[in-house]
Amino acid sequence: MEKILLLNIIIASLIFIYFYKKELKHSYIPMIFSNVIIILLNYPIVGQSNFISKTFVLFIVTMSIVHIYLRYYHYEHYTLYVPNPFIHFIFTAINSIAIPFILATSHQSLYQSSAYLSVSIFILGLILYQLSEVDRPVRWFQIDSINTYRYIKHPKQLGEIFFTLSYMLLSLLLPYGFIYSIIGLAYIIYIKKVNLFKET
(Lines give C-alpha, C1' and ligand atoms only; values in the text may rest on other atoms or scores of the structure.)
Protein backbone atom coordinates (compact mmCIF):
# COMPACT_ATOMS: atom_id res chain seq x y z
CA MET A 1 0.00 0.00 0.00
CA GLU A 2 2.88 2.36 0.73
CA LYS A 3 4.12 2.06 -2.87
CA ILE A 4 0.63 2.75 -4.21
CA LEU A 5 0.25 5.85 -2.03
CA LEU A 6 3.64 7.14 -3.13
CA LEU A 7 2.79 6.52 -6.79
CA ASN A 8 -0.53 8.33 -6.38
CA ILE A 9 1.09 11.39 -4.85
CA ILE A 10 3.72 11.45 -7.61
CA ILE A 11 0.99 11.25 -10.27
CA ALA A 12 -0.98 14.07 -8.64
CA SER A 13 2.17 16.20 -8.36
CA LEU A 14 3.18 15.67 -11.99
CA ILE A 15 -0.31 16.53 -13.24
CA PHE A 16 -0.36 19.73 -11.20
CA ILE A 17 3.11 20.71 -12.41
CA TYR A 18 2.06 20.11 -16.02
CA PHE A 19 -1.07 22.25 -15.76
CA TYR A 20 0.73 24.88 -13.68
CA LYS A 21 3.15 25.42 -16.56
CA LYS A 22 0.54 25.06 -19.30
CA GLU A 23 -2.28 27.28 -18.04
CA LEU A 24 -2.05 31.02 -17.54
CA LYS A 25 -4.75 30.87 -14.85
CA HIS A 26 -4.97 27.97 -12.44
CA SER A 27 -8.09 25.93 -13.12
CA TYR A 28 -9.95 23.18 -11.31
CA ILE A 29 -9.18 20.57 -13.97
CA PRO A 30 -5.87 19.11 -12.59
CA MET A 31 -7.80 17.55 -9.69
CA ILE A 32 -10.17 15.91 -12.17
CA PHE A 33 -7.39 14.38 -14.26
CA SER A 34 -5.57 13.26 -11.14
CA ASN A 35 -8.61 11.55 -9.62
CA VAL A 36 -9.62 9.66 -12.74
CA ILE A 37 -6.09 8.45 -13.56
CA ILE A 38 -5.44 7.36 -9.99
CA ILE A 39 -8.69 5.43 -9.60
CA LEU A 40 -8.27 3.68 -12.95
CA LEU A 41 -4.76 2.64 -11.96
CA ASN A 42 -5.64 1.66 -8.39
CA TYR A 43 -8.82 -0.31 -8.99
CA PRO A 44 -7.15 -3.30 -10.74
CA ILE A 45 -4.57 -3.46 -7.95
CA VAL A 46 -6.50 -2.94 -4.70
CA GLY A 47 -10.14 -2.71 -5.79
CA GLN A 48 -12.74 -5.18 -4.53
CA SER A 49 -15.46 -6.53 -6.81
CA ASN A 50 -18.48 -5.19 -4.95
CA PHE A 51 -21.13 -2.48 -5.16
CA ILE A 52 -19.22 0.23 -3.30
CA SER A 53 -15.96 -0.22 -5.17
CA LYS A 54 -17.57 -0.34 -8.61
CA THR A 55 -19.88 2.57 -7.82
CA PHE A 56 -16.94 4.60 -6.55
CA VAL A 57 -15.12 4.09 -9.86
CA LEU A 58 -18.28 4.92 -11.80
CA PHE A 59 -18.82 8.13 -9.79
CA ILE A 60 -15.33 9.46 -10.41
CA VAL A 61 -15.18 8.46 -14.09
CA THR A 62 -18.63 9.92 -14.81
CA MET A 63 -17.93 13.18 -13.00
CA SER A 64 -14.54 13.45 -14.71
CA ILE A 65 -16.08 13.01 -18.16
CA VAL A 66 -18.59 15.78 -17.40
CA HIS A 67 -15.88 18.16 -16.17
CA ILE A 68 -13.48 17.42 -19.02
CA TYR A 69 -16.19 17.75 -21.66
CA LEU A 70 -17.36 21.10 -20.30
CA ARG A 71 -13.80 22.35 -19.89
CA TYR A 72 -12.63 21.60 -23.44
CA TYR A 73 -15.82 21.60 -25.50
CA HIS A 74 -18.01 24.11 -23.71
CA TYR A 75 -15.32 26.31 -22.24
CA GLU A 76 -17.17 29.60 -22.64
CA HIS A 77 -19.28 28.66 -19.60
CA TYR A 78 -16.60 26.79 -17.69
CA THR A 79 -14.37 29.36 -16.03
CA LEU A 80 -13.56 27.46 -12.86
CA TYR A 81 -10.35 29.08 -11.70
CA VAL A 82 -8.96 28.47 -8.23
CA PRO A 83 -7.58 31.38 -6.18
CA ASN A 84 -5.06 29.23 -4.36
CA PRO A 85 -3.63 26.29 -6.34
CA PHE A 86 -1.67 25.05 -3.30
CA ILE A 87 -4.85 24.41 -1.27
CA HIS A 88 -6.36 22.78 -4.33
CA PHE A 89 -3.32 20.51 -4.56
CA ILE A 90 -3.68 19.59 -0.88
CA PHE A 91 -7.23 18.36 -1.50
CA THR A 92 -6.01 16.42 -4.54
CA ALA A 93 -3.20 14.82 -2.52
CA ILE A 94 -5.70 13.84 0.18
CA ASN A 95 -7.91 12.28 -2.49
CA SER A 96 -4.95 10.35 -3.89
CA ILE A 97 -4.42 8.86 -0.43
CA ALA A 98 -8.11 8.18 0.30
CA ILE A 99 -8.94 6.50 -3.03
CA PRO A 100 -6.92 3.28 -2.53
CA PHE A 101 -8.12 2.94 1.07
CA ILE A 102 -11.76 3.23 0.00
CA LEU A 103 -11.20 0.67 -2.77
CA ALA A 104 -9.34 -1.74 -0.50
CA THR A 105 -11.83 -1.59 2.38
CA SER A 106 -15.05 -1.39 0.35
CA HIS A 107 -15.99 -4.98 1.28
CA GLN A 108 -15.93 -4.08 4.98
CA SER A 109 -18.99 -1.81 4.90
CA LEU A 110 -21.21 -2.30 7.93
CA TYR A 111 -24.40 -1.76 5.95
CA GLN A 112 -25.28 -0.81 2.37
CA SER A 113 -28.15 1.61 2.94
CA SER A 114 -26.12 4.83 2.71
CA ALA A 115 -24.19 3.44 -0.26
CA TYR A 116 -27.41 2.80 -2.18
CA LEU A 117 -28.71 6.27 -1.30
CA SER A 118 -25.50 7.82 -2.61
CA VAL A 119 -26.42 6.85 -6.18
CA SER A 120 -29.60 8.94 -6.06
CA ILE A 121 -27.68 11.91 -4.62
CA PHE A 122 -25.03 11.59 -7.34
CA ILE A 123 -27.64 11.53 -10.13
CA LEU A 124 -29.29 14.61 -8.64
CA GLY A 125 -25.89 16.30 -8.62
CA LEU A 126 -25.44 15.52 -12.32
CA ILE A 127 -28.84 17.01 -13.11
CA LEU A 128 -28.09 20.17 -11.14
CA TYR A 129 -24.66 20.51 -12.71
CA GLN A 130 -26.06 20.22 -16.22
CA LEU A 131 -28.70 22.83 -15.45
CA SER A 132 -25.90 25.36 -15.19
CA GLU A 133 -25.23 24.95 -18.89
CA VAL A 134 -28.76 26.01 -19.88
CA ASP A 135 -28.26 29.72 -20.45
CA ARG A 136 -31.04 30.37 -22.93
CA PRO A 137 -34.85 30.19 -22.79
CA VAL A 138 -36.22 26.65 -22.87
CA ARG A 139 -38.79 26.35 -25.63
CA TRP A 140 -40.62 23.17 -24.73
CA PHE A 141 -44.34 23.13 -25.49
CA GLN A 142 -44.14 26.70 -26.86
CA ILE A 143 -43.29 28.11 -23.42
CA ASP A 144 -40.83 30.99 -23.69
CA SER A 145 -38.53 32.71 -21.22
CA ILE A 146 -38.20 29.79 -18.82
CA ASN A 147 -34.68 29.66 -17.53
CA THR A 148 -33.34 27.36 -14.83
CA TYR A 149 -31.64 30.27 -13.09
CA ARG A 150 -35.08 31.53 -12.10
CA TYR A 151 -35.48 28.50 -9.87
CA ILE A 152 -32.00 27.36 -8.85
CA LYS A 153 -29.20 29.76 -7.96
CA HIS A 154 -25.66 28.58 -8.74
CA PRO A 155 -26.65 25.07 -9.92
CA LYS A 156 -23.05 24.14 -10.79
CA GLN A 157 -21.89 24.73 -7.22
CA LEU A 158 -24.93 22.95 -5.79
CA GLY A 159 -24.30 20.02 -8.12
CA GLU A 160 -20.69 19.77 -6.95
CA ILE A 161 -21.86 19.76 -3.33
CA PHE A 162 -24.23 16.90 -4.16
CA PHE A 163 -21.31 15.04 -5.78
CA THR A 164 -19.36 15.41 -2.55
CA LEU A 165 -22.31 14.28 -0.43
CA SER A 166 -22.68 11.19 -2.62
CA TYR A 167 -19.03 10.23 -1.99
CA MET A 168 -19.52 10.79 1.74
CA LEU A 169 -22.60 8.55 1.81
CA LEU A 170 -20.87 5.88 -0.27
CA SER A 171 -17.98 5.63 2.20
CA LEU A 172 -19.87 6.53 5.39
CA LEU A 173 -19.99 3.02 6.89
CA LEU A 174 -16.53 1.93 5.78
CA PRO A 175 -13.53 1.75 8.11
CA TYR A 176 -12.27 5.33 8.53
CA GLY A 177 -15.62 6.56 7.20
CA PHE A 178 -15.60 9.47 9.63
CA ILE A 179 -12.31 10.66 8.09
CA TYR A 180 -13.83 10.64 4.61
CA SER A 181 -16.78 12.62 5.95
CA ILE A 182 -14.47 15.21 7.49
CA ILE A 183 -12.62 15.52 4.16
CA GLY A 184 -15.94 15.94 2.34
CA LEU A 185 -17.17 18.61 4.75
CA ALA A 186 -13.86 20.45 4.48
CA TYR A 187 -14.13 20.40 0.70
CA ILE A 188 -17.70 21.75 0.79
CA ILE A 189 -16.58 24.57 3.09
CA TYR A 190 -13.66 25.25 0.74
CA ILE A 191 -15.75 25.58 -2.43
CA LYS A 192 -18.28 27.76 -0.60
CA LYS A 193 -15.59 30.01 0.87
CA VAL A 194 -13.73 30.60 -2.41
CA ASN A 195 -16.98 30.67 -4.45
CA LEU A 196 -15.79 27.80 -6.62
CA PHE A 197 -18.38 26.65 -9.22
CA LYS A 198 -20.41 29.77 -8.46
CA GLU A 199 -22.09 31.37 -11.45
CA THR A 200 -21.17 34.99 -12.10
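Tutor: A residue counts as buried when its relative accessible area is under 20%, and we shall apply that cut-off to a predicted model.

Student: Why is the pair of phenylalanine 91 and tyrosine 187 called edge-to-face?

Tutor: The ring centres of phenylalanine 91 and tyrosine 187 are 5.6 Å apart, and because centres within 6.5 Å make a pair, the two rings qualify. Their planes stand at 70°, and angles over 60 degrees count as edge-to-face, so that is the name the pair receives.

Student: What makes this pair a tie between parts of the chain that are apart in sequence?

Tutor: Phenylalanine 91 belongs to helix 4 (residues 85-105) and tyrosine 187 to helix 7, so the pair joins parts that are 96 residues apart in sequence.

Student: Why is the pair of tyrosine 187 and tyrosine 190 called tilted?

Tutor: The centres of these two tyrosine rings are 6.3 Å apart, which is within the 6.5 Å that pairing requires. Their planes meet at 40°, and because stacked needs under 30 degrees and edge-to-face over 60, the pair is tilted. Both tyrosines lie in helix 7, three residues apart, about one turn of the helix. By the pairing rule the count comes to twelve aromatic pairs, and ring pairs also link Phe56, Phe59, Phe122, Phe163 and Tyr167 into a cluster.

Student: What makes helix 6 roughly antiparallel to helix 7?

Tutor: Helix 6 (residues 155-171) packs against helix 7 (residues 177-193) at an angle of about 175°, with the axes 8 Å apart. Angles over 145 degrees count as roughly antiparallel, so helix 6 is described in that way relative to helix 7.

Note on methods. Residues are numbered from 1 along each chain as its sequence is written. This is a predicted model: local features need pLDDT of at least 70, side-chain atom pairs count only at pLDDT 80 or more; totals for chains, interfaces and linings use all residues. Side-chain values use heavy atoms; hydrogens and water are left out. Axes are lines fitted to C-alpha atoms, for helices over the stretch in contact, and angles run from 0 to 180 degrees between N-to-C directions. Helices (H or I, at least four residues) and strands (E, at least two) are DSSP runs, numbered from the N terminus. Angles under 35 degrees count as roughly parallel, over 145 as roughly antiparallel, 65 to 115 as roughly perpendicular and the rest as oblique. Rings of Phe, Tyr and Trp (its six-membered ring) pair if their centres lie within 6.5 Å; planes under 30 degrees apart count as stacked, over 60 as edge-to-face and the rest as tilted.
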